[in-house]
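Here is a short report on one model. Look over the sequence and the structure, then read on.

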Amino acid sequence: MDRYIAKELSLPFLFGVGAFSSILVSVGALFDLIRKVTESGLEVSLALQVFVLKMPEFVVLAFPMSTLLATMMTYSRFSSDSELTALRGCGISVRRIIAPALVLSMLITGLTFVFNEVITPAANYRAKVMLEQAFNSEKPPFRERNIMYQEYQQAEDGSGKELGRLFYARRFNGEEMQGLTILDFSQSGLEQVVSAETATWNFLDNVWTFFNGTIYAISPDGSFGHIVKFDRQDLDLPRTPLDLAARSKDDDEMNIAETRQHLNQIVRKSGDERSIRVWELRLQQRYALPFVCIVFGIVGSAVGIRPQRTGKATSFGISVVIIFGYYLLGFIADAFGKVGTLHPVTAAWLPPFMGLIVGTLLVMQASK
């Protein structure tokens with residue numbers, strides 16, 4: 001029975017991967033590449049390579065949808081052909097009948113995780129670099145201008161965080177910052193302004209070395225406490241501005257380890273609460289996305305196993321409605337997570353958790 005059900009699930013799943021991947025890649029990449037070929041002169045061979053590199057991103061998105069379609073089509077056919085009646089007449093429970101679908105969903109969850117960690121980020125990054133090289137717009141391995149870093153600290157009255165330091169550099173040549181201005185409010189009752197021509201990061205001592213600059217100490221009444229000119233001065237400031245100057249990948253070009261590293265080493269140190277929430281949300285969504293396959297597998301099996309007589313077209317239509325409803329919930333949760341209404345963990349895991357509850361209730365109802 002398990003081999004028979006697994007075989008019946010496989011073909012609709014492969015059909016779903018092909019169908020949904022074709023739709024998603026056409027909307028998300030193909031039309032844009034065609035426009036670049038016709039309007040911007042992108043070579044057709046290069047466009048085909050970029051198209052192939054973009055495919056894993058959309059195949060991953062098609063895995064949960066295909067799981068839903070496969071379970072719905074398979075168990076709907078079993079129901080319409082009275083095969084479910086025969087199986088239950090032999091004393092086999094509904095939960096045992098849908099067990100192969102759950103195992104398939106778990107396998108696809110693992111496959112989705114592998115794609116998200118190993119294949120998709122590298123392919124997206126390679127596709128982006130190829131397009132940049134084709135249009136002579138490849139970014140240097142570092143930001144060349146306007147590097148700004150804001151460091152926040154706890155307010156003295158405990159009411160929240162306030163600006164502690166502001167680091168600004170006009171230019172960066174890959175080795176040294178140029179045209180620097182640092183505003184330091186970290187010490188109570190004293191403000192300092194550091195201006196320097198250049199600065200480099202001292203990897204041995206983990207400090208910034210400033211050259212040809214001036215330190216202005218400003219008293220609370222606004223007068224200059226003292227002015228110090230220097231040829232070379234070491235300042236104990238975080239190296240985060242150097243990390244910000246390095247070229248960073250987009251969130252869809254990072255795996256979980258890279259996303260967590262970027263969050264902890266750069267984003268958190270900036271003190272930007274909204275940016276921190278967004279990156280925490282993206283990290284949790286990377287964990288949650290593969291489990292959508294299990295949710296859709298349970299929901300699709302529970303809906304398909306109900307007594308009904310529906311064709312493949314009807315199953316496909318119902319699948320689209322369920323997919324739309326689920327991702328609409330995900331979009332709303334994502335928006336609430338970005339503005340802080342929901343905690344990033346809650347916002348990322350709410351859609352699969354709600355889907356799991358609905359699927360469990362449907363299975364329990366079908367078992368009666």
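How many disulfides does the structure hold? It holds zero. A disulfide here is a pair of cysteine sulfur atoms within 2.5 Å.

This is a predicted model: local features need pLDDT of at least 70, side-chain atom pairs count only at pLDDT 80 or more, and totals for chains, interfaces and linings use all residues. Residues are numbered from 1 along each chain as its sequence is written, and side-chain values use heavy atoms, leaving out hydrogens and water.

C90 counts as exposed because its relative accessibility is 65%. C293 has 0%, so it counts as buried. (Buried is under 20% relative accessible area, exposed over 50%, partly exposed in between, with a 1.4 Å probe and protein chains only.)

**Strands**

Helices (H or I, at least four residues) and strands (E, at least two) are DSSP runs, numbered from the N terminus. Two strands pair if DSSP finds at least two bridges between them.

| Pair | Sense | Bridges |
|---|---|---|
| β1 (residues 145-154) and β2 (residues 161-172) | antiparallel | nine bridges |
| β2 and β3 (residues 177-184) | antiparallel | seven bridges |

Q150 has L166 in β2 as its bridge partner. A169 stands opposite L180 in β3. β2 and β3 form a hairpin with four residues between them, and G174 in the turn has a positive phi of about 100°.

**Helices**

Helix α2 (residues 44-80) packs with helix α9 (residues 292-304) at an angle of about 20°, their axes 7 Å apart. Axes are lines fitted to C-alpha atoms, for helices over the stretch in contact, and angles run from 0 to 180 degrees between N-to-C directions. Contact means heavy atoms within 4.5 Å. The contact residues include F63 and Y75 of α2, and C293 and F296 of α9.
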